[in-house]
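Visitor: I'm new to this. Could you walk me through a structure and tell me how each label gets decided?

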Amino acid sequence: MIKSMTGFGRGEYGDSKRNITAEIRSVNHRYNDISIKMPRRYQFAQDKLKKCIREYIRRGKVDCSIQIENIGESDVKISLNRPVVEQYLQNLQALREEYSIKGELDIQLVANLPEVMRQIPEVDDEAEMTECLLSAVREAAENIEKMRAVEGEKLAEDLLMRGELIKDLVSRIEERSDDVPKEYKEKLLVRIDELLEGTGAEIAADRLAVEVAVFADKCSITEELTRLKSHMDQMAVIISEDSEVKGKKLDFLVQEMNREANTIGSKANDLEITNLMLQIKAEVEKIREQVQNIE
């Protein structure tokens, strides 16, 4: 089963002290890049939270947002920032004396100044708090995992459908490619007759056979068509295998598909084959776009 790299999951945890909400969003990315946003006082839990997310998401750009509400007194304490207050008072006193400003300093003015009061984290039990955070994050990770799996099933269906379509187009090209040398020989004979008309000259049959053989060899695409069909079969095998991360394998395989398609397009000396090849390249490009979103 394949999984999409795009998804969203939400998890919650609540007890008598706090309510925690975790939201995880993921988009496609070459590597596993996890970013967690939460109050700074709980940064001690970040490594364990990332490890938890990696158990569910192995590839992609992941943003995890954690909100903590209804925090009890055991989690935070408001404290007077005495060094800052003293500097404010000294500077205000100097300002009054230097510029002869009238008025008295009052508590309301001082209390409203920035950084006079500060929050001091007081998490009594970091292990307990980490478990609370993990509970919300794990639920969010499980939910995004379900969403990514559902999206992955749709991607798998689409890829397999396009693989069968390409194999059908390849079969049509194989049928057409058998007739190309014969038609070339017929056209060549007509052209030679037109050029030699009235001269009485004739072209040797072996010379004609060599020319046709050279043309047939130059425009032969049998090997490329065989490999392209093999790539479609290999794609189906990768999709059905048990390995967790399949996006990188499929991405490499799509590069090989493109290489064969370009070679066939450059060697094909026939309008019908060229048109069929353009359809194949369009389908390969659609496969490439889908593969970019697979874990």
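Guide: At 4% relative accessibility, Cys132 counts as buried. Bear in mind that this is a predicted model, where local features need pLDDT of at least 70, side-chain atom pairs count only at pLDDT 80 or more, and totals for chains, interfaces and linings use all residues. Residues are numbered from 1 along each chain as its sequence is written, and side-chain values use heavy atoms, with hydrogens and water left out.

Visitor: What makes Cys52 count as buried?

Guide: Buried means under 20% relative accessible area, exposed over 50%, and partly exposed in between (1.4 Å probe, protein chains only). Cys52 has 3% relative accessibility, so Cys52 counts as buried.

Visitor: How many disulfides are there?

Guide: A disulfide is a pair of cysteine sulfur atoms within 2.5 Å, and by that rule the count is zero. Take Cys52: the nearest cysteine sulfur, that of Cys64, is 9.0 Å away, and Cys52 is in no disulfide.

Visitor: And how many aromatic pairs turn up in the whole structure?

Guide: The search finds one. Tyr42 and Phe44 have ring centres 6.2 Å apart and planes at 70°, so the pair is edge-to-face. The rule is that rings of Phe, Tyr and Trp (its six-membered ring) pair if their centres lie within 6.5 Å; planes under 30 degrees apart count as stacked, over 60 as edge-to-face and the rest as tilted.

Visitor: Why is Phe44 called partly exposed?

Guide: Phe44 has 29% relative accessibility, so Phe44 counts as partly exposed. Tyr42, at 0%, counts as buried.
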